[in-house]
Amino acid sequence: MKDPNNVIIKLENISKTFRTRASLFKGDPKEVIALKQISLNIYRGEIFGLVGESGSGKTTTGRLIVKLEEPDEGKLLFDGNDITKIKGKALKIFRRKVQMIFQDPYQSLNPYFSVYDSVSEPLVVHSVGNSKTRKDMVRESLNSVGLTPPDDFFYRYPHQMSGGQRQRIAIARAMVLKPEFVVADEPTSMLDASIAIHIFNILSRIQKKLNVTFLFITHSLAAARYLCDRIAVIYHGELVEIGPAENIIQNPSHPYTRALIDAHPRFRF
Amino acid sequence: MALLTVKNLSVGYHTRKGFLKSVQGVSFALDQGKSLGFVGESGCGKTTIGMALMGLLPNNASVTNGEILFEDQDLLKMSKKEIQQIRWKKIAMIFQAAMNALNPVHRVSDQIAEAILAHDADISIKTAMKQVESLFQLVGIPPDRMNDYPHHYSGGMKQRAIIAMALACHPSLIIADEPTTALDVIVQDQILSAIKDFQNKLNISVIFISHDIAVVADVCDTIGIMFAGQLVEYGRIEDVFYSPMHPYTQSLLSSYLTLNKDVVQLNAYLGKTPDLINPMTGCLFCERCTVAEATCSFRAPEWVKISPTHKALCSRCK
Amino acid sequence: MTKNRSIQISNDNKRSPQKSPMVDRFLEGWSVYKESLIGKIGLTLLVIFALMALCSFFPPMIDPMYHPMTGVDPQISHSTSPSWRHWLGTDFIGRDILCQLLAGARIAFMVGISAAFMSILLGTTVGMIAGYSGKIVDTLLMRLADMIMVMPTLLVVLILSSLFGQLNIWTIVLLIALFRWPGVSRVIRAQTLSLKERPFIEAAKVTGASHFRIIFRHIMPNVLPLSLLYMTFRVTSAIIIEAALAFLGFGDPSTVSWGMMLQWVWKTGHMFQAPYWLLPPGICISLLTLSFYMLGRAMEEVLDPRLRKEVAQE
């Protein structure tokens, strides 16, 4: 349920360029323009899809929002406040409210941390709760991603679990502090197609229960259609189309969107 | 006469925890010029089948049963030398993430030419390069990119180069293991068209392995659904897709996201991983199955012939 | 509405808490280690030496004449060859050589392991901080490491001890540690550099973890195996340095180490007359350092990426 008066994340003319260094194999330093003057509003409570191919800038957008990267130009606003250059304490407060689910479940969990260690990490970092209440919060989080009974998973380690389970742990970790905004960066691209839909259902349920806002980054229009309220299509660092998911897919206006739709494997049956 | 006939193939791996039965009793046949797809989740054994066909199983793997009849010769009974004669010349493979297998310090054209020369010592380098040129044309890489290095290529182009390498020695069978994973939708579409294209032009048989059922539907004539090392449903694409009989096939089809249809209700849940070291008696899908009966847990299912071109391994479908 | 069976996962093993990856990896590593011949030989030798070190406490308890420093045999006051009374003979003032050898084993382990441990502690910390911080901090720390690395440890310690007189064994240990940390810091830094970019470290950043927490809670467990590996190599060099110092007369005169024994053989002119006195300490130094080296080599095999574990499937 999006609230048009309540913009939670706003990107204003954001640009980002990456410079590669000169090297023996790659010749002169090159500049890659990842994002060109992107402007975007994301409303509280919606699941917003950002669809594009590799190199389109979609992942960079997500990383900028969670402040793993800094924009070269432009402003980033969270709940009306300019967070483009925040540091220190303000940054830590921000981090409590904005989280990320990474693409590779095989690499986004510390192999030496048990499930409990990983999921409780945000609680420890922000000094939330004591050892008893933390256990309860971790339990609640694990339940919400379908890893039940949660206590059985507390002391397991990532290498003992499958990709889908690991990704669910990553989701539990992102949600344990009940953030307001979560970036999900291609959460199912490293998982089997048959598992993907289960993950989407989990995200959808969590969204309804906690009224979290999601930015769902994907290369699959079909996934975006299933999960998202609104979609933006990004191509070579620019937003080419933006609007309600079903509209974009039924009536694409930009040729690139049309190309994406045509290229999708069709289920002829 | 079929190009490839596999009868009752069983392969396992010796691990520290025991003998893992990766493939159990798989049988299928493939004619020249036709394509067959294997679909299943990670660990179902589909990649192992591909490796067994190529004779590239790792040291801790053993074939415990079965025959692989390629052009009427049993590949499993051949010596290493004989298999080397067949590998790449008659059967070629496109591995998972193969595009990372290109050597970064050699030009792409050189690498493909090397593959040609390695298998045919009589050709001159000039002839080999000419072949490389025609291969590039076939897979759709512009001729002015031939002499570039791999890092100048995009992901899609690298994958095409890999396909060209597989085609280099004019094999009769190509095994493609997840050739489009890690590629974008548009590039994936192009690669799949390229595969269909050369399959028609050169009358090559293709075995396509993927976890994504829609990709297989696009390319293949026949499809085999795998679960826990077993083939659970097998038949022509139309048969399997219009009337999926095995509950696992049904769940796969219903969980796939499309642009046009809505997802039908999910009827299988993420059960526990089937134990391949000590598989349970009875049907291996039983725990996850929504229509399982009491007998399914101790009586192993048998093949049910639904039509001359469609069969399913399930006691419940009659 | 049916309960969300679609996302329930049935609990597959009602086992008690899983083994931590440290234990798990250790056991897996052990089974690979066992297959290495070098590893087995090295480990056997080490066990023998360890037993020797432990046994060094017993002889003085049996009879005070067996004390390595002060145990002088009342009946013998010069160097004698092996006999029933003294299994390896006696040194120039009638002390039992075997006891000295056992005591030397104890000292060798002590020096070796402490010096190695301290240099690894220092090296790992510096390496992690340098690798994680990058830029100026990295450059400064690594240039410091370079400067220290090129200094000849033995020479510097010799100079220091000639300036300050006889050094205490623990001072020697400290000095060895202070000069030997750069080697391990380079390796740990490289490892940290690659870990830094891994998603789980970025996830920790996004969670809000401080740099300190990321380095010591997230990165450290991942570099420890490498640190431990390097520790075995450090032990080798520590033992040899101590032996060399003692041999040259700069060791701690109140401790009996193998190097010290060699010094006595040499200084008292018994080099060619008393092989029963000359050979044992020399052989022990060689064998102990060799066994640590073999341990390290076999561990390298274990730590190889081929031990990347495989996972249950969904």
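A strand and its setting

Guide: The model is predicted, so local features need pLDDT of at least 70 and side-chain atom pairs count only at pLDDT 80 or more, while totals for chains, interfaces and linings use all residues. Residues are numbered from 1 along each chain as its sequence is written, and chains are lettered from A and ligands numbered from 1 in the order in which they are written. Helices (H or I, at least four residues) and strands (E, at least two) are DSSP runs, numbered from the N terminus. The helix α6 of chain C, residues 153-164, has 12 residues and spans 16 Å from its first C-alpha to its last, close to the 16 Å expected at 1.5 Å a residue; the expected span is 1.5 Å times one less than the number of residues.

A residue is buried if 20 or more other C-beta atoms lie within 10 Å of its own, exposed if 12 or fewer, and partly exposed in between, with C-beta atoms placed from the backbone. In a regular strand the side chains alternate between the two faces of the sheet. Both faces of β9(B) are covered: one side carries Thr222(B), Gly224(B) and Met226(B), the other Ile223(B), Ile225(B) and Phe227(B), and all are buried.

Two partners of this strand can be described. Strands pair if DSSP finds at least two bridges between them. With β3(B), residues 35-39, β9(B) pairs in the parallel sense over four bridges, and Gly224(B) in β9(B) has Phe38(B) opposite. With β10(B), residues 230-236, the strand runs antiparallel, joined by six bridges. Here Ile223(B) stands opposite Gly235(B) in β10(B). The hairpin of β9(B) and β10(B) has two residues between the strands, and Ala228(B) takes a positive phi near 50°.

Chain B also touches chain A. Their contact takes 29 residues from chain B and 27 residues from chain A, where two residues are in contact if their C-beta atoms, placed from the backbone, lie within 7 Å. On the side of chain B, the elements giving two or more residues are α6 (185-202), α7 (213-219) and α8 (237-242), and α7(B) gives the most, with five residues.
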